[in-house]
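Subject: Structure handover

Hello,

Here is the structure I promised to pass on. Please have it open while you read the notes below.

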Amino acid sequence: MMRTELKQAATLTLLGSTGSIGESTLAVVREVDNLSIFALSANRNVDKLLAQCLEFSPRYAVLCDPSLPHERRDEFSRALHERGCKTELLLGAGALEEVASAAEVDMVMAAIVGAAGLASTLAAAKAGKRLLLANKEALVMTGDILLDAARQSGATLLPIDSEHNAIFQCLPTVPEGVDSSQLTFVEKIVLTASGGPFLRTPLDQFAAITPAQACAHPVWSMGDKISIDSATMMNKGLEYIEACYLFGLPSAKVEVVIHPQSVVHSMVHYDDGSVLAQMASPDMRVPIAHCLAWPQRIKTQAPRLDLTQQAALEFYAPDIDRFPCLALGMEAAKVSGTAPALLNAANEVAVASFLSGALDYLGIAAVNAEVMAQMPCEAATSLAIIHEADARARDLASALIKKRIL
Ligand code: NAD
Ligand code: MG
């Protein structure tokens, strides 16, 4: 097997190791000789976390869900001990912040889904780590607060989201990250979107869409929440907000284009007419390896792109009637302040309700739109203001869902 090595040995905390990004990260780590794992974390998937600990022998494993029965935790610790694995089990969400900021850690992969990843992502940023950001919801909610924390501590923030990673690869960089002095020459950035499973589904069939249909993404295999977000294109709406913050661009300079093949991961248009795009097979090991090794390159087992064998690449303007959540995201990026946090919170509640059968598919966009219409936005000057907005949007979304007749 091909082995690969980082220029400098490093230690990684992987938050959300049992998820889709978590597993892809471990698939890359497995091939790297001098990258060791400090901590792995799961919400409640004891069996998968155990298997990962036995393979990677991290110093710590974190189980977050407070409702996990004591017996399951005890079984976990006993199984580690019996196999001679020295990994120590930590419990509760607070432990995530500890393992994200510990002095021994060089890099943190933030791959928890949703607002649950916010505190640990912020802790890694404050502690000056190389922060590999998959948890887009954390940045969507906090925007400049997270970016300022990273700037002040000297943390390097690298985007794992394939679109943002593509843009990062197409922008001029300095050792700290994107060279912001060169951004004046960027005319616009274009985020590509696959369009998800319902790109061509007749609109009159949308009301009957089931969670299983919505989770069956034609190109990417991902966790449930982001799969639903890809079906509604809320994911692209969140990515739109993410792009404005990450690259310090006004929303007028960010565009979305539908590209069903997901080969061109995004593009940067420059003032002189040049367009730089990053291409790869749709496989998250590519952006993950890029961020782990940046500015170096390491090998991955991702399938190689062969354009001669590739179906024709198509690009279309998005249809906002089909994807109202995309428009909501673009609007929230423009309004800024607490608007992205409100939208994110409403959407997390709506998606969870859809997945549990308490809300119909069309209800997701309806609830998100109603929360945005009813709730006032304010300047997002503190974490307290953001948490307050998040909580109120969740309450309103839950109330709307209870009232909605399926
Ligand atoms: P997933 O559902 O597969 O995994 C989520 C991980 O977070 C799991 O390890 C789970 O145990 C943990 N988790 C869930 N709830 C938690 C809680 N309350 N407290 C602590 N841990 C919790 O999700 P995913 O698809 O790997 O996505 C992770 C993040 O990466 C999301 O923010 C997503 O938007 C982003 N992302 C994913 C992909 C992808 O290809 N999967 C691509 C781009 C960005
Ligand atoms: Mg993406």
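A disulfide here is a pair of cysteine sulfur atoms within 2.5 Å. Keep that cut-off in mind for the cysteines. Please also note that this is a predicted model.

Cysteines

How many disulfides does the rule give? The count is zero.

Take C244. The cysteine sulfur closest to that of C244 belongs to C377. The two sulfurs are 15 Å apart, so they are too far from each other for a bond. C244 has 10% relative accessibility, and therefore counts as buried.

Now C291. Which cysteine has the sulfur closest to that of C291? It is C170. The distance is 13 Å, which is again too far for a bond. Is C291 buried or exposed? C291 is buried, because its relative accessibility is 0%.

Empty space

Rolling a probe the size of a water molecule over the atoms shows where empty space is left. In this model, one cavity reaches 30 Å³ or more. The largest cavity holds about 50 Å³ of space.

Which residues line the largest cavity? They are S162, N165, W220, H265, Q278, A280, S281, P282, D283, V286 and P287. Two helices, α8 (162-170) and α12 (285-293), each give two or more residues to this lining.

By type, the lining has five nonpolar residues, five polar residues and one charged residue.

That is the handover. Write back with any questions.

Best wishes

How values were computed:
Residues are numbered from 1 along each chain as its sequence is written. Chains are lettered from A and ligands numbered from 1 in the order in which they are written. This is a predicted model: local features need pLDDT of at least 70, side-chain atom pairs count only at pLDDT 80 or more; totals for chains, interfaces and linings use all residues. Side-chain values use heavy atoms; hydrogens and water are left out. Buried means under 20% relative accessible area, exposed over 50%, partly exposed in between (1.4 Å probe, protein chains only). On a 1 Å grid over the protein atoms alone, a cavity is a set of points where a 1.4 Å probe fits but cannot get out, and a pocket is an open set with protein on both sides within 12 Å along at least five of seven lines; lining residues have an atom within 4 Å of a point. Grid points are joined across faces, edges and corners, and a volume is the space filled by probe spheres set on the points. Helices (H or I, at least four residues) and strands (E, at least two) are DSSP runs, numbered from the N terminus. Ala, Val, Leu, Ile, Met, Phe, Trp, Tyr, Cys and Pro count as nonpolar, Asp, Glu, Lys and Arg as charged, and the others, Gly among them, as polar.
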